[in-house]
Amino acid sequence: MSNTALKLFILTILIKVGIRPALCQNYNFQNYSIEQNLAQSQVLCIHQDQKRFIWIGTIGGLSKFDGKNFQNFTVLDGLPNNQINDITESKNGTLWLAVQGGICYLKDDKITLIPLPKQNNDAYILSLEFENDSLLWLGSDRYGLFKFNTKNLTFQLPSSQKNTNLIRDLFKDKSNEIWAVSRNKVFSATTSKTLLSNTGDTIYYAINQQKDGTFWIASSAGAIKLKNNKQNIITPEDGLVYRVVRNIFIDKNDKVWAATKYGVSEISNKEIINLNEKNGLKNANAKVVFEDNEGNIWIGTDGNGVFKYSGKQIVNYYATSGIKSNQVMTMLEDGQQNFWFGTYGNGLAKKNKENSYSYYGNDELLNRTIWSSFKDSENKLWFGTSQGVSCFKNNVFTHFDQSKGLNANRVTAIAEDSEKSIWLGVKNGVIKHQNGVFTSFFEDVIGKRVKSIITDKNELWLASTNGIVNVKSNVFKAYSINSSIGKLNAECLVNHLGYLWAGTSNGLYVFNKSSKKGTLLKIGETYNSNVVNSITTDNYGFLWLGTNNGVIRFNPFKWLEEKKIRTTQILVSDGLPSLECNQNSIFRDNKGYVWLGTSNGTCRINPTYYKNSSNNKAPELYLTDIRLFLKQSNLKEFADIDEMLPNNFTLPHNKNYLTFDFVGLHFKNPEKIKYHYRLLGFQNDWSPTQKERFVTFSYLPPGKYTFEVQASFNQKNWSETKSVSFTISKPFWFRWWFILSCLIIIGSIIIVIYKTRENIRSKKLEAERASYQSQLLELEQQALNASMNRHFVFNSLNSIQYFINTQDRKSASNYLTKFAKLIRKNLDDIQNEHVTLHEELERIKLYLTLEEMRFEGDFDSIIDIEKSINPQICNVPSMLFQPFVENSILHGILPLKSKGRIIIKIQKTVNEYLSVIIEDNGIGIEKSRQKKVNLISTHISKGMNITEERLKLLKKKYLKSEISVKGPYEIIEEGKTLGTRVEIILPLIYI
């Protein structure tokens, strides 16, 4: 017998006994790898802890997964090595890790290493298994088995075991016996009894056990089944994806999962289903298989992270699956269990019950684009195309187009009435086919683009641009669908529970056939979720709606009985090939499956899965952190109990900016989880739902608070409320003793103020005058210091030194004489509030002469006194004008490229006031200010500020006189800046 014949014979036997390989189908896998922040892409083990977090051990570290985010642990967090070979958990919630040189335990996300004894610390611990609460068995790569006491943290060294130095796997069976897997032997660690051994080339890798006690061993020869001392090896000839099985896993339904280099095989009593690259598992190099508490299967790979497999509730069919197109526009099932798929541009594909395909294209059809399909009461198949309609019976197509009397091209809907007449929905209305004759009904009442036709006893209902149209005895009556944005088209239609349910571009329309009234329902949160393209019912009475944002399962009973909208939304993350569902491309087959065409493939949905209430459980919710001012904080210092997240703690008044972090664990639909919260004592109503997993309360006032949060993925089933209570204490200035002390002090102050008020009032004027005089003297002293500022003195002495060094003794002597005279005048007038105008001008002349000499004639000056003014008897405040002159020289004249000039004019005003005008032909105020901005100067001029303060005090002393300074301001003529002017006005009281 040839090899081929032998394989066929074995396959036939397997089918007869109920085990056969399943043909390729496409399933949904969600990949998580380093791009999603997994620690490393080579996965060695997977574990779900008691809190439902998933832990993934890789060769690059340990990852904790909450459904959306990974928290990674490496050598920086206390691991001796980044390779994690196995993970197990004790009853108290402590995680134990198998690592190089020992084991680690992890509690409250803190890692502690327990190294092996020195003589054994070069070993890798490969596997872990608890025999009881305190005894942990360890399997190593070179020293066989270790025992570890978790109470006193001590090791028991291995006994000598021949040929068992390498222990790959440990497993505790239903009788609590520990089984160890070495290279060529499977034996009991507790009794040394041998379960399986060989002397050949077969290598053993892992062991597991089914509920009936059947053992399964992963080996290089296949998946070995041991039952009642009988051995059976499942190999690729039986349908296994690959011979070398690296790991073996038994799920909750007692199915066996075999992990291999080329994919995973799901072995049940009926069939073997292989998961590999052909049906959606992009990287088939599987190392480990694991099932979480929700029934999701996790596949750890060697190089592509982990894949989450949600099951077979959604099966996808693509062009590569046999349909030859991803654009399926219509589907039906005939009487021989064949499925027909009408595509856009690729004709018809027929799938028989053996999953083989036949195709019909240009040679058999009017057109390769199929818009609608229907099976009539005589089992004829009707297909509406872009060029007419074709009827299939007895493997023969009969075509009807315009040459046969069909007054239309595109046929978008087909139905049969009670008289067995065929009705066709077309662009301009409907066409009736009866006894070989086509009758067109293109009436305005029907509207355009009839996309759906359903039969209701002796009448029909149409979905068109006019809404819902009733047809009875060839009489048409339209019922419009009104909305806030105008009248809507009916896109699809179904008759269910005595109501018509119509899909529109703005929601689901419920039409009461008795009252002829309808209600438009918003079924989704987004606009695209309310664009309903297709509709059908399942065997449980629920509506299935194909939208532009996935599939929505609608509960009509809740709406009709309680007027409540209850939906379940199915997205790409649930397994859909695309979010966009095609127009009227949905139907229910004879087994109750719902088929749906999308923009990127066709899928088959099992409604039974969504009816199961266990799939609607609320997420596991945890409060993960409480942050202060958006930073992680140690709250233990504010609590009596040493916990990571304490309850009933008290914060000081300045620790009132709190952020609460929380997470809901639901691995089937993590992106659908939403939260609402409230802060009792601040806001007692639940917040609107949100996807964010934190909430911040800023600057809370003192008081007692309780934060509460809940999670849900469908806004119907909410998790248990998680809460934390805390108090923000009052600041000390709100305490009673502080307030009382303040009242006493304030009262005492008021009494003292009241008693001294009269004395203060009587002495006020005298005190003010004395104060003014004192401040004037102080300012005059400051004015002297300003006029003799360190830069002026320093520059003057430098000029004298320059003249001496250049042996210009005459200039040096002249400069020194004038400088000494100016200094003497300033010193003489320190105690004088006023000096004569003559003396003040002499001081200015000396200052100008020194500056002219210092700057070598860069400017000259003119002092012009009105003849009517006698400077010998006219008194002015001492040293008042010098700061203004200095300003003109430093900021106006010196930056000028040409020779400058300063003019000082002294004259009387019309009101008999003294006017002192200081003008220069410098660069002007604006340019000077810009230079100050651009240059960094070490000179801090206080002269102008002191002068302004003196003038303010003089005004207070002589209230009836005008004392003012006008300017400085720019002199502008014909748009050009000619310099700067400032005018000082003094009263005649000084004359």
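This report walks through some paired strands and the turns that link them.

The model is predicted, so to speak of local features a pLDDT of at least 70 is needed, side-chain atom pairs count only at pLDDT 80 or more, and totals for chains, interfaces and linings use all residues. Residues are numbered from 1 along each chain as its sequence is written, and side-chain values use heavy atoms, with hydrogens and water left out.

A strand is a DSSP run of E with at least two residues, numbered from the N terminus. Two strands pair if DSSP finds at least two bridges between them.

Let's begin with strands 8, 9 and 10. Strand 8 and strand 9 run antiparallel and are joined by five bridges; within this pair, Ala-98 sits opposite Ile-103 of strand 9. Strand 9 also runs antiparallel to strand 10, this time with six bridges, and Tyr-105 has Thr-112 in strand 10 as its bridge partner. Both pairs are hairpins, as the table shows.

| Hairpin | Residues between the strands | Turn residue with positive phi |
|---|---|---|
| Strand 8 and strand 9 | two residues | Gly-101, about 80 degrees |
| Strand 9 and strand 10 | two residues | Asp-108, about 55 degrees |

Now look further along the chain. Four strands make an open, antiparallel sheet in the order 49-50-51-52. Strand 49 (492-496) and strand 52 (517-521) are the edge strands: each has a single partner strand, so one side of each has no neighbour in the sheet. Five bridges connect strand 49 with strand 50 (residues 499-504), and Cys-492 faces Gly-503 in strand 50.
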